[in-house]
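Dear colleague,

Here is the structure I said I would pass on. My notes on it follow below.

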Amino acid sequence: MLTLTASPALVPTKRRAHVKLFTVQGSNFPSFLPKEVENIRDPFARRLATRIERLPVGFADRSIMSSCVKPLIQSEESPVVLLHGFDSSCLEWRYTFPLLEEAGLETWAVDVLGWGFSDLERLPSCDVASKRDHLYQLWKSYIRRPIILIGPSLGAAVAIDFAVNHPEAVEKLVLIDASVYAEDTGNLAKLPRAIAYAGVYLLKSTPLRLYANLLAFNSLPLNTSIDWMNVGRLHCLYPWWEDATVNFMNTGGYNVSAQIKKVKQKTLIIWGEDDQIISNKLAVVSTC
């Protein structure tokens, strides 16, 4: 049964951020990360970046070196698996991940196929079915227990799609500011490839990323916003990022509205009370 509960006070999307950043010296970043990671000042992002690994995940007759942050502890409780939103990475969880570990939870932060820091030099299809299968194979190879799956924004659609198709892998769901009622990528799937690539190039541009930060946060100092923008677009610097994103757009993207009624796991919905990106009116959904 899918029980939807709006909890605007828990995780407001528009956060009043007064963060004093300092440089963490001597960080030992994985060699596969873009060299621009050295320019990031946010200490939480730097610390989490040092823990990113690539694990071999076999699917679709090939193996992908797939990026994630593995847990430091093993617990008898269900593992927590953190997804990220559209065109993002596991660094999205840089502030939450250490808190979950401090609480004694076995926590994974995984990169959805096509985004994040996986090695996609031999680019697979990055459509919905491939993203689902990749996540399942990672779960089957390394976790192998029912999980608490957490997805923000488009990550909520990834989570619902995964939970419906692989219910044995998911014990509970947590959906944050869920983007689950959009009907796939719409007309974007019909764009000529040249225009699609031009749009994707704009997607990683500094002005657009800075504007997204303005929508997501209140009272964010400019230097902090620029630094967080650099964190958010770090994965875009791989040479295969544009191809993977265009492939996702051209194959239609997520359309999970019809799957919501099929969710059997107990689900918590959290919504920001002043979300400027996805209306919190969508949090009010009847129990089915």
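Phe 86 is partly exposed, at a relative accessible area of 36%; buried here means under 20% relative accessible area, exposed over 50% and partly exposed in between, with a 1.4 Å probe and protein chains only. Trp 115, by contrast, is buried, at 2%. The model is a predicted one, in which local features need pLDDT of at least 70 and side-chain atom pairs count only at pLDDT 80 or more, while totals for chains, interfaces and linings use all residues. Residues are numbered from 1 along each chain as its sequence is written, and side-chain values use heavy atoms, with hydrogens and water left out.

Aromatic rings

Rings of Phe, Tyr and Trp (its six-membered ring) are taken to pair if their centres lie within 6.5 Å; planes under 30 degrees apart are stacked, over 60 edge-to-face, and the rest tilted. The count by this rule is nine aromatic pairs. In one of them, Phe 86 and Trp 115, the ring centres are 5.3 Å apart and the planes stand at 75°, so the pair is edge-to-face. This pair links distant parts of the chain, 29 residues apart: Phe 86 is in the loop between strand E4 (80-82) and helix H2 (96-102), and Trp 115 in the loop between strand E5 (107-110) and helix H3 (128-143). Helices (H or I, at least four residues) and strands (E, at least two) are DSSP runs numbered from the N terminus. Phe 86 and Trp 115 form one aromatic cluster with Phe 248 and Tyr 254.

Two charged side chains lie over rings, the criterion being NZ of Lys or CZ of Arg within 6 Å of the ring centre and within 35 degrees of the ring normal. Lys 131 lies over the face of Trp 115, at 3.9 Å from the ring centre, and Arg 47 over the face of Phe 44, at 5.7 Å.

Cysteines

Taking a disulfide as a pair of cysteine sulfur atoms within 2.5 Å, a search of the whole structure finds zero. For Cys 90, the nearest cysteine sulfur is that of Cys 68, 7.7 Å away. Cys 90 is buried, at 0% relative accessibility, and Cys 236 is buried at 1%.

Cys 126 lies in the loop between E5 and H3 and counts as buried, at 0%. Its C-alpha atom is 9.4 Å from that of Val 112, 14 residues away along the chain. Leaving out residues up to four places away in sequence, Cys 126 touches Leu 113, Gly 114, Lys 131, Ala 244, Asn 247 and Phe 248, where contact means heavy atoms within 4.5 Å.

The sheet

The protein has eight helices and nine strands. Seven strands form an open sheet of mixed pairing, in the order E2-E3-E5-E4-E6-E7-E9; two strands pair if DSSP finds at least two bridges between them. At the edges are E2 and strand E9 (266-270), each with a single partner strand, so one side of each has no neighbour in the sheet. From one strand to the next the twist averages 30°. Axes are lines fitted to C-alpha atoms, for helices over the stretch in contact, and angles run from 0 to 180 degrees between N-to-C directions.

Strand E2 (residues 52-59) pairs with strand E3 (residues 62-69) in the antiparallel sense over eight bridges, and Arg 54 has Ser 67 in E3 as its bridge partner. Their hairpin has two residues between the strands, and Ala 60 there takes a positive phi near 50°. E3 and E5 also run antiparallel, joined by two bridges; Cys 68 has Val 110 in E5 as its bridge partner. E4 and E5 pair in the parallel sense over three bridges, with Leu 82 opposite Ala 109 in E5. H3 packs on the sheet, touching E2, E3, E4, E5 and strand E6 (147-152), and its direction makes about 105° with that of E2.

Helix H8 and the interior

In helix H8 (residues 241-250) the buried residues are Trp 241, Ala 244, Thr 245, Val 246, Phe 248 and Met 249. Their cover includes H3, helix H4 (154-165), helix H5 (193-203) and helix H6 (206-216). After H8 comes Gly 252, with a positive phi near 105°.

Of the 288 residues in the protein, 51% are buried. Of its contacts with a separation of 6 or more, 75% are between residues 24 or more positions apart.

Regards
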